[in-house]
Amino acid sequence: MSIAGIDRPATPTDWEGRNDGPGPEHARWHSVVSPLSVAAADPGVALIGFASDEGVRRNGGRVGAAAGPAALRAALGGLAVHDSRPRYDAGDVITQGTDLESAQERLSDAVAELTAAGHTVIALGGGHETAWATHRGLRRTHPNAVQIVNLDAHFDLREADEPTSGTPFLQIAGLVGEEEFRYCVLGISEPNNTRVLFDTAQRLSVRTVTDNEIEEMGAAGVAELVSSLAAKAEHLHLSIDLDGLPAAVAPGVSAPAAVGIALSAYRAAVRAAAASGKLRLVDVVELNPRFDLDARTARTAARLIEDIAGALG
């Protein structure tokens with residue numbers, strides 16, 4: 001029995017890295033990750049790839065994010081592991097051609113199965129269209145009091161005739177209803193979001209923190225905010241859009257940031273989310289290896305994933 005929705009199951013050959021010898025004292029991601037074909041394993045961190053950039057194409061961005069999951073695995077493989085938490089790889093859901101909607105449905109099915117089994121799911125995108133599918137899957141097993149924290153330069157609250165990488169959180173608001181929609185976005189760039197997007201955010205009671213405000217808050221302030229949001233929720237969905245980081249840190253994205261927010265703020269946010277004990281779902285999105293200098297963006301994203309895995313409460 002395989003996990004629902006998976007197009008390409010994980011294999012040991014997906015993971016490579018330095019081998020210093022046997023035993024936990026030499027553990028790295030590549031040596032401890034197990035392919036996950038049945039969700040009923042001991043709960044741990046479960047990775048799932050979403051090889052998709054159709055949403056980015058529809059949104060007018062630079063395509064290439066479909067190669068993100070493989071690049072993230074490559075960057076993670078050599079990182080040392082200092083805990084005994086199980087780490088799994090469920091494989092990939094793949095968008096075939098322009099049929100984004102079917103792939104999103106398969107991703108929702110897979111996420112629902114994994115979260116039902118108690119795993120903390122980390123989705124390796126893919127464009128930000130990933131978040132609509134993963135959140136829908138989470139809601140099938142955890143329907144109440146889900147707080148979304150999005151690290152992003154953009155609201156992704158666009159209205160469009162079809163799903164894109166710019167629509168996921170408006171789609172989520174439509175799914176759960178405005179009363180249940182709990183959305184905080186950290187890192188908004190005012191010049192890169194139109195007034196209509198700010199008006200939509202205000203109508204939906206979105207907690208909005210701009211890049212300028214985060215600079216004033218500092219990493220400690222960001223961690224305190226994320227912890228306070230988690231305390232008022234039952235479950236947490238953390239969405240990490242790499243294009244909220246400065247272009248010098250994350251050049252390999254669809255829309256590089258001219259300013260962005262500091263990596264220290266990202267790390268503070270993800271560690272606070274993980275330590276809350278309520279983190280159920282993480283998206284790591286918008287990595288575009290085609291434009292990634294020295295795998296800089298992939299390595300940064302891999303460190304954020306390891307920060308999460310090491311801090312889970």
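This is a predicted model: local features need pLDDT of at least 70, side-chain atom pairs count only at pLDDT 80 or more; totals for chains, interfaces and linings use all residues.
# Loops, helix pairs and a pocket

Q: Where is G126 found?
A: G126 sits in the loop between β4 (120-125) and α5 (130-141). Residues are numbered from 1 along each chain as its sequence is written, and side-chain values use heavy atoms, with hydrogens and water left out.

Q: What kind of peptide bond joins G125 and G126?
A: The bond between G125 and G126 is cis, with omega at about 20°.

Q: What makes the phi of D156 worth a look?
A: Phi of D156 is near 55°, which is positive in a residue other than glycine. You can find D156 in the loop between β5 (146-151) and α6 (168-176).

Q: Which residues does L170 contact beyond its neighbours within four places in sequence?
A: Contact means heavy atoms within 4.5 Å, and L170 meets that with D156, L157, R158, E159, T200, R203 and L204. L170 itself belongs to helix α6.

Q: How do α3 and α10 pack?
A: Helix α3 (residues 68-77) and helix α10 (residues 296-311) pack at about 65°, and their axes are 8 Å apart. That makes α3 roughly perpendicular to α10, because roughly perpendicular covers 65 to 115 degrees, roughly parallel is under 35, roughly antiparallel is over 145, and the rest is oblique. The axes are lines fitted to C-alpha atoms, for helices over the stretch in contact, and the angles run from 0 to 180 degrees between N-to-C directions.

Q: Which residues make the contact of α3 with α10, and how do they divide by class?
A: A71, L72, A75 and L76 of α3 make the contact with A298, R299, A301, A302 and I305 of α10. By class there are 8 nonpolar residues, no polar ones and 1 charged. In this scheme Ala, Val, Leu, Ile, Met, Phe, Trp, Tyr, Cys and Pro are nonpolar, Asp, Glu, Lys and Arg are charged, and the others, Gly among them, are polar.

Q: Why is α4 called oblique to α5?
A: The axes of helix α4 (residues 100-116) and α5 come within 7 Å and cross at roughly 40°. That angle makes α4 oblique to α5. Their contact has 7 nonpolar, 7 polar and 4 charged residues.

Q: What makes α8 and α9 parallel or antiparallel?
A: Helix α8 (residues 211-231) and helix α9 (residues 263-275) cross at roughly 10°, with axes that come within 7 Å. That makes α8 roughly parallel to α9. I214, A219, V222, A223, V226 and S227 of α8 meet S264, A265, A268, A269, A272 and A273 of α9. These residues divide into 10 nonpolar, 2 polar and no charged.

Q: Which residues lie nearest the centre of the largest pocket?
A: N59, H154, D156, S165 and D243 lie nearest its centre, out of 19 lining residues. The lining divides into 5 nonpolar, 8 polar and 6 charged.

Terms used:
Helices (H or I, at least four residues) and strands (E, at least two) are DSSP runs, numbered from the N terminus. On a 1 Å grid over the protein atoms alone, a cavity is a set of points where a 1.4 Å probe fits but cannot get out, and a pocket is an open set with protein on both sides within 12 Å along at least five of seven lines; lining residues have an atom within 4 Å of a point.
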